[in-house]
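This report describes a protein chain from its overall layout down to individual residues. Please consult the sequence and the structure shown below while reading.

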Amino acid sequence: MWNTSGAKYKHMLYNVSRARKKSGDKQKKALEWYILVLKKEILLGTTKWVINTKKCAEARLKKMGITKDMVIKTLENKGLKDLLSKIN
């Protein structure tokens, strides 16, 4: 009998050009995460978790090149104007 374990199987019919899209929604997800943290800050108050997570979310926004104006515009489009007071 042949050894058909996955490690020794020769992938002769493997399609190399079948790569997935890796960075399509990163900016959108970063904005959504920041908005979620702002909502939790209103709900829970300023806890230690909220403060640390907000720092991480702001760092991610800065890394992606998302400005404060873009965040404000997104909040206004979603109808979340009450969160504008929580933005630094």
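## Basis of the model

The model is predicted; local features need pLDDT of at least 70 and side-chain atom pairs count only at pLDDT 80 or more, while totals for chains, interfaces and linings use all residues. Residues are numbered from 1 along each chain as its sequence is written, and side-chain values use heavy atoms, with hydrogens and water left out.

## Overall fold

The protein chain contains 3 helices and 0 strands, in the sequence pattern α-α-α. Helices (H or I, at least four residues) and strands (E, at least two) are DSSP runs, numbered from the N terminus.

Of the 88 residues in the protein chain, 22% are buried. Buried means under 20% relative accessible area, exposed over 50% and partly exposed in between, with a 1.4 Å probe and protein chains only. Among the contacts with a separation of 6 or more, 61% join residues 24 or more positions apart; contact means heavy atoms within 4.5 Å.

## Packing of α1 and α2

Two packed helices are described by the angle between their axes and the distance between the axes. Axes are lines fitted to C-alpha atoms, for helices over the stretch in contact, and angles run from 0 to 180 degrees between N-to-C directions. Helix α1 (residues 26-44) packs on helix α2 (residues 48-64) at an angle of about 155 degrees, with axes 9 Å apart. That makes α1 roughly antiparallel to α2; angles under 35 degrees count as roughly parallel, over 145 as roughly antiparallel, 65 to 115 as roughly perpendicular and the rest as oblique.

On the α1 side the contact includes W33, Y34, V37 and L38, and on the α2 side it includes W49, V50, A57 and L61. By class, the contact of α1 with α2 has 12 nonpolar, 2 polar and 6 charged residues. Here Ala, Val, Leu, Ile, Met, Phe, Trp, Tyr, Cys and Pro count as nonpolar, Asp, Glu, Lys and Arg as charged, and the others, Gly among them, as polar.

## Packing of α1 and α3

The axes of α1 and α3 are 11 Å apart, at an angle of about 70 degrees. That makes α1 roughly perpendicular to α3. From α1 the contact involves L31, E32, Y34, I35 and L38, and from α3 it involves V71, T74, L75 and K78. By class, this contact of α1 with α3 has 6 nonpolar, 1 polar and 2 charged residues.

## The two faces of α3

Helix α3 (residues 68-78) has the buried residues V71, T74 and L75. They cover an arc of only 100 degrees around the axis, which puts them on the same side of α3; the arc is that of the directions from the helix axis to the C-beta atoms. These buried residues of α3 pack against α1 and α2. The face turned away from the buried side carries the exposed residues D69, K73 and N77. Just after α3, G79 takes a positive phi of about 80 degrees.

V71 is buried, with a relative accessible area of 3%. Leaving aside neighbours within four places in sequence, V71 is in contact with L31, Y34, L61, I66 and I87. The C-alpha atoms of V71 and L31 are separated by 7.0 Å, although the two residues are 40 residues apart along the chain. T74 is also buried, with a relative accessible area of 18%. T74 touches L31 and I35, not counting residues up to four places away in sequence. The C-alpha atoms of T74 and I35, 39 residues apart along the chain, are separated by 9.2 Å.
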